[in-house]
Amino acid sequence: MSAAPHQVTSVALPAQSRIANAYASTHLADAFSIGLPAGAAANPELLARFIFSQQPRWVGVLLSIRDAVVGRFGLKTAQQLSSLGAHDQANRVGIFRIYGSTPAEIVLGEDDKHLDFRVSLLCSGEPSPHCPRQLTLSTVVHCHNGWGRLYILAIAPFHRLVVRSSLRRAARIGWPLAA
């Protein structure tokens with residue numbers, strides 16, 4: 001029996017992901033997987049741009065609240081990072097800097113005073129009627145100080161909710177098709 005087309009599953013961080021060993025110590029590491037239907041694009045950069053451009057409205061509200069708080073501490077805001085992305089689409093996907101790309105994976109992230117993080121979108125497997133290709137969105141975070149650890153503690157539940165919701169929304173809208 002195959003999984004529901006919009007089912008997002010919590011999985012182990014993929015060992016083959018370039019972010020699996022990105023940091024000597026991590027303060028958050030999670031991964032969520034969803035099946036891609038036959039005919040869907042497998043280009044991780046295209047999928048990342050699609051997912052992050054289709055965010056639910058409430059995610060924008062959460063980012064605005066986050067920006068209002070962290071901006072006072074001199075941390076990078078989503079608004080500042082979006083502005084960078086608008087001017088440098090070759091090296092950024094939305095608010096995220098591109099750290100590397102292969103045909104199966106794109107690594108995104110950002111470094112700041114309190115923490116560094118990396119996000120991976122990894123396409124694995126070949127599509128078939130009974131076993132779809134999987135898209136796994138993974139995140140690892142390394143905190144530099146107590147403020148970073150406090151920040152991660154506060155946002156981790158929202159982060160997981162945003163990732164799950166973003167993957168489900170992308171599936172509901174309909175994945176981009178392979179060229």
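**Close-up views of a predicted sheet-and-helix model**

View 1. Gly-100 stands opposite Val-107 in E5. Strand E4 (residues 96-101) runs antiparallel to E5 and is joined to E5 by four bridges, where two strands are said to pair if DSSP finds at least two bridges between them. Helices (H or I, at least four residues) and strands (E, at least two) are DSSP runs, numbered from the N terminus. The model is predicted, with local features needing pLDDT of at least 70 and side-chain atom pairs counting only at pLDDT 80 or more, whereas totals for chains, interfaces and linings use all residues. Residues are numbered from 1 along each chain as its sequence is written, and side-chain values use heavy atoms, with hydrogens and water left out.

**View 2. Strand E5 between its two hairpins.** On one side, a hairpin of three residues links E4 to E5; on the other, E5 and E6 form a hairpin that also has three residues between them. The pairing of E5 with E6 is antiparallel and extends over seven bridges, and in E6 the bridge partner of Val-107 is Ser-120. Strand E5 (residues 105-111) is largely enclosed by the rest of the structure, because six of its seven residues are buried, a term that means under 20% relative accessible area, with exposed being over 50% and partly exposed in between (1.4 Å probe, protein chains only).

**View 3. The open sheet and its edge at E1.** Seven strands make up an open sheet in the order E1-E2-E7-E6-E5-E4-E3, with antiparallel pairing. Strand E1 (9-11) and strand E3 (92-93) are the edge strands, each pairing on one side only. E1 is joined by three bridges to strand E2 (residues 28-36), the two running antiparallel, and Val-11 stands opposite Ala-31 in E2. Strands of a sheet pair through backbone hydrogen bonds, either parallel or antiparallel.

**View 4. Thr-139 in strand E7.** Thr-139, which lies in strand E7, counts as buried because its relative accessibility is 4%. Leaving aside residues up to four places away in sequence, Thr-139 touches Ile-19, Leu-28, Ala-29, Asp-30, Arg-118, Val-119 and His-159, where a contact means heavy atoms within 4.5 Å.

**View 5. Helix H4 across the sheet and against H2.** Helix H4 (residues 146-173) lies across E1, E2, strand E6 (115-124) and strand E7 (133-143), running at about 0 degrees to E2. Helix H2 (residues 57-70) packs with H4 at an angle of about 160 degrees, their axes being 11 Å apart. H2 is therefore roughly antiparallel to H4; angles under 35 degrees count as roughly parallel, over 145 as roughly antiparallel, 65 to 115 as roughly perpendicular and the rest as oblique. Axes are lines fitted to C-alpha atoms, for helices over the stretch in contact, and angles run from 0 to 180 degrees between N-to-C directions. From H2, the residues Trp-58, Val-59, Leu-62, Arg-66 and Val-70 meet Tyr-151, Phe-158, Leu-161, Val-162 and Ser-165 in H4. The residues of this contact of H2 with H4 divide into eight nonpolar, one polar and one charged.

**View 6. The whole chain as context.** The secondary structure of the protein comes to four helices and seven strands, whose order from the N terminus on is β-β-α-α-α-β-β-β-β-β-α. Of the 179 residues of the protein, 42% count as buried.

Terms used
Nonpolar A, V, L, I, M, F, W, Y, C, P; charged D, E, K, R; others polar.
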